[in-house]
Amino acid sequence: MSEEKTPETQEVVEETTEKEPKKEEKKAKRPKKDKNAEKIKELEDALSEEKDKRLRLAAEYDNYRKRTSSEKLGIYGDATAKAVEQILPVADSITMALQNMQDVPEEYKKGIELVQNQLKTSLEKLKVEEFCEVGDDFDPTLHNAIGKIESDDFEENKISAVYQKGYKIGDKIIRHAMVQVANCD
């Protein structure tokens with residue numbers, strides 16, 4: 001039996017060949033798509049990794065900048081506190097001198113008061129605050145109690161005498177105040 005192609009069979013053969021690409025063409029196209037898809041995926045992963053690294057580096061730099069800025073402020077505050085701590089005995093001496101100047105000429109007294117005011121102004125510029133007054137509540141985080149008395153003049157746990165003023169910069173205590181406390185248990 002010889003194969004004769006009738007017009008009907010020829011149409012069917014042509015339709016099937018048109019619909020189905022040759023097997024060789026399929027094989028040739030798939031590997032290129034797979035290779036390109038793999039390469040695209042690799043490049044996308046690499047790009048994503050590089051973006052992640054860049055974001056991490058930026059975050060690390062920002063943290064470093066914030067940390068060094070805060071360390072600088074801390075170092076400045078500590079250095080100021082140490083310097084002021086060395087000056088406080090001079091301030092105490094001036095205060096005691098003024099308290100004990102009863103029989104001194106008025107010019108001398110005014111001169112010492114002027115020096116005391118200059119010292120207070122300088123401490124204010126450094127943001128140093130003096131604290132502790134008679135009648136304040138006793139706070140063991142701010143005050144050192146070096147004595148206690150029973151007194152009807154003061155309520156319980158009130159400061160009845162200040163022997164040495166306290167000083168602080170912000171929340172940092174430079175020197176605790178030395179006080180006497182009334183009616184404490």
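Tutor: Buried means under 20% relative accessible area, exposed means over 50%, and partly exposed is in between (1.4 Å probe, protein chains only). Before we go on: this is a predicted model, where local features need pLDDT of at least 70, side-chain atom pairs count only at pLDDT 80 or more, and totals for chains, interfaces and linings use all residues. Residues are numbered from 1 along each chain as its sequence is written, and side-chain values use heavy atoms, with hydrogens and water left out.

Student: Ok, where does Phe138 sit, and what does it touch?

Tutor: Phe138 is in the loop between E1 and strand E2 (143-149). Helices (H or I, at least four residues) and strands (E, at least two) are DSSP runs, numbered from the N terminus. Not counting residues up to four places away in sequence, Phe138 touches His143, Ala145, Asn157, Ile159, Val179 and Val181. A contact here means heavy atoms within 4.5 Å.

Student: How far apart are Phe138 and Asn157?

Tutor: Their C-alpha atoms are 5.5 Å apart in space, while in sequence Phe138 and Asn157 are 19 residues apart.

Student: Let's zoom out. How many helices and strands are there?

Tutor: The protein chain has three helices and six strands. Along the sequence the pattern reads α-α-α-β-β-β-β-β-β.

Student: And how much of the chain is buried?

Tutor: Buried residues make up 18% of the 185 residues. As for contacts with a separation of 6 or more, 63% of them are between residues 24 or more positions apart.

Student: Which strands go into sheets?

Tutor: Two strands pair if DSSP finds at least two bridges between them. Another open sheet of three strands has the order E2-E6-E3, and its pairing is mixed. E2 and E3 stand at the edges of that sheet with a single partner strand each, so one side of each has no neighbour in the sheet.

Student: Can you show me a bridge in each one?

Tutor: E1 and E4 pair in the antiparallel sense over four bridges, and Glu129 has Lys168 in E4 as its bridge partner. In the other sheet, five bridges join E3 to strand E6 (residues 177-182), and these two run antiparallel. There, the bridge partner of Ala161 in E6 is Gln180.

Student: Is Ala161 buried or exposed?

Tutor: Ala161 counts as buried because its relative accessibility is 17%. Ala161 lies in strand E3 and touches Val134, Met178, Val179 and Gln180, leaving out residues up to four places away in sequence. Ser160 is also found in E3 (residues 158-164), and Ser160 is buried, with a relative accessible area of 12%.

Student: What does Ser160 touch?

Tutor: Beyond residues up to four places away in sequence, Ser160 touches Val134, Ile149, Phe154, Gln180, Val181 and Ala182.

Student: New topic: helix H3. Which of its residues are buried?

Tutor: Gln116, Leu119 and Leu123 are buried in H3. Looking down the helix axis, the buried residues fall within an arc of 60°, so they line one face of H3. That arc is taken from the directions from the helix axis to the C-beta atoms. On the face turned away from the buried side are the exposed residues Glu107, Lys110, Leu114, Glu124 and Lys125.

Student: What comes after H3?

Tutor: H3 is followed by Lys127, whose phi is positive, near 65°.

Student: Last one: how many residues are in the largest nonpolar core?

Tutor: The largest core has 13 residues, and those with the most contacts inside it are Val84, Leu123, Val128, Tyr167 and Ile174. A nonpolar core is a set of buried Ala, Val, Leu, Ile, Met, Phe, Trp, Tyr and Cys residues joined through side-chain atoms within 4.5 Å. Helix H2 (23-99), helix H3 (106-125) and strand E4 (166-169) each supply at least two residues of this core. The largest share, six residues, comes from H2. Apart from this core lies another, of six residues, among them Phe131, Ile159, Ala177 and Val181.
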